[in-house]
Amino acid sequence: GINKLGDSLRETLHSGTFVDMTVRVAGDQSLKAHRCIVVARCPALAARIVPDPTDAGRWQLDLPSLDADGGASFLEYVYTDRCALTPERAGQLAPLAWAAGCPRLHAMCVHKLGAPAAPPRPSLTADLLSLLERGENADIAFRVEGRSIRAHKAVVGARCDYYRSMWLSSWKESANAVLDVPDVTHDVFL
């Protein structure tokens, strides 16, 4: 279920595997993340993600309203659909959650601050499914029954040890931008 997916994505975040983005927070602190996951979960932040001027091929997102712990809590939510909230942390995250297009996190923060409304249902699975369907910012493609399925190494690698191991290895297939998946139907693969 959603907890298992969130746990897998949290592990990918903390391992640093396939990170392609730096999230800069107050105090000149920075955190590493995956652009595809941040954009899928916080669509309103997409326009604020810019090329990193110090690291070609990477991206940067500035969140100066957050301290390092606030940034870590925000990413914890983005990757798992949950995070521990104190009233102080909720007060720090609520404005960003609203601006970032994260209604569930915003509702969680407002609820923690004493409002009676319950947070909406988890959205992690739906957000990642939408990302897969759109195929935007994909860094890998699978060819199944002649059809291309664009995906993201960070998400696939979080859920499939085989592909994560292949992409982190020196296997010749690890450099392929398109991977053929034989003997599997399109519907089964998805």
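I shall go through the sheets, then the helix packing, and finally the salt bridges.

Please bear in mind throughout that this is a predicted model.

Let me start with the four-stranded sheet. This sheet is open, its strand order is β2-β1-β4-β3, and its pairing is mixed. Which strands stand at the edge? They are β2 and β3, the latter covering residues 50-51, and each of them pairs on one side only.

Towards β2, the arrangement is antiparallel: strand β1, residues 21-25, and strand β2, residues 29-33, are joined by five bridges. Within this pair, R24 is found opposite S30 of β2. The two strands make a hairpin, and three residues lie between them.

Towards β4, the sense is parallel. Five bridges connect β1 with strand β4, residues 59-63. Here V23 faces L61 of β4. As for what covers this sheet, helix α3 packs on it and touches β1, β2 and β4. The direction of α3 makes about 10 degrees with that of β2.

I now turn to the other sheet. It is an open sheet of three strands in the order β6-β5-β7, again with mixed pairing. Why is one side of β6 and of β7 left without a neighbour in the sheet? Strands β6, residues 147-151, and β7, residues 178-180, stand at the edges and have a single partner strand each, so one side of each remains without a neighbour there. On average, and with direction ignored, neighbouring strands of this sheet are turned by 25 degrees against each other.

Strand β5 pairs with both of the others. With β6 the sense is antiparallel, over five bridges, and the bridge partner of I140 in β6 is A151. These two strands also form a hairpin, with two residues between them. In that turn, E145 has a positive phi of about 50 degrees. With β7, strand β5, residues 140-144, pairs in the parallel sense over three bridges. R143 has D180 as its bridge partner in β7.

Let me move to the helices. Two packed helices are described by the angle between their axes and the distance between the axes. For helix α3, residues 68-80, and helix α4, residues 87-100, the axes come within 10 Å and cross at roughly 55 degrees. That angle makes α3 oblique to α4. The crossing of these two helices is right-handed. On the α3 side, the contact involves D69, G70, S73 and F74, and these meet R89, Q92, L93, L96 and A100 of α4. Classified by type, the residues of this contact are four nonpolar, three polar and two charged.

Helix α4 has a further contact, with helix α5, residues 103-112. The axes of α4 and α5 come within 8 Å and cross at roughly 145 degrees. What is the handedness of the crossing between α4 and α5? It is left-handed. From α4, the residues P87, A90, L93, A94, A97 and W98 meet L105, H106, C109 and K112 of α5. In this contact, eight residues are nonpolar, one is polar and one is charged. I would draw attention to L93, which takes part in the contact with α3 and also in the contact with α5.

Finally, the salt bridges. How many does the structure hold? The number is twelve. One of these links R10 with D7, and the closest N and O atoms of the pair are 3.0 Å apart. R10 and D7 are three residues apart in helix α1, residues 2-15, which means that about one helical turn separates them.

That concludes my presentation; thank you for your attention.

Key. Residues numbered from 1 in each chain as written. Predicted model: local features only at pLDDT ≥ 70, side-chain atom pairs only at ≥ 80, totals over all residues. Heavy atoms only, no water. Axes fitted to C-alpha atoms, helices over the stretch in contact; angles between N-to-C directions. Parallel < 35°, antiparallel > 145°, perpendicular 65-115°, else oblique. Left-handed = near helix turned anticlockwise from the far one by under 90°. Contact = heavy atoms within 4.5 Å. Nonpolar A, V, L, I, M, F, W, Y, C, P; charged D, E, K, R; others polar. Pairing = 2+ DSSP bridges. Salt bridge = Lys/Arg side-chain N within 4 Å of Asp/Glu carboxyl O.
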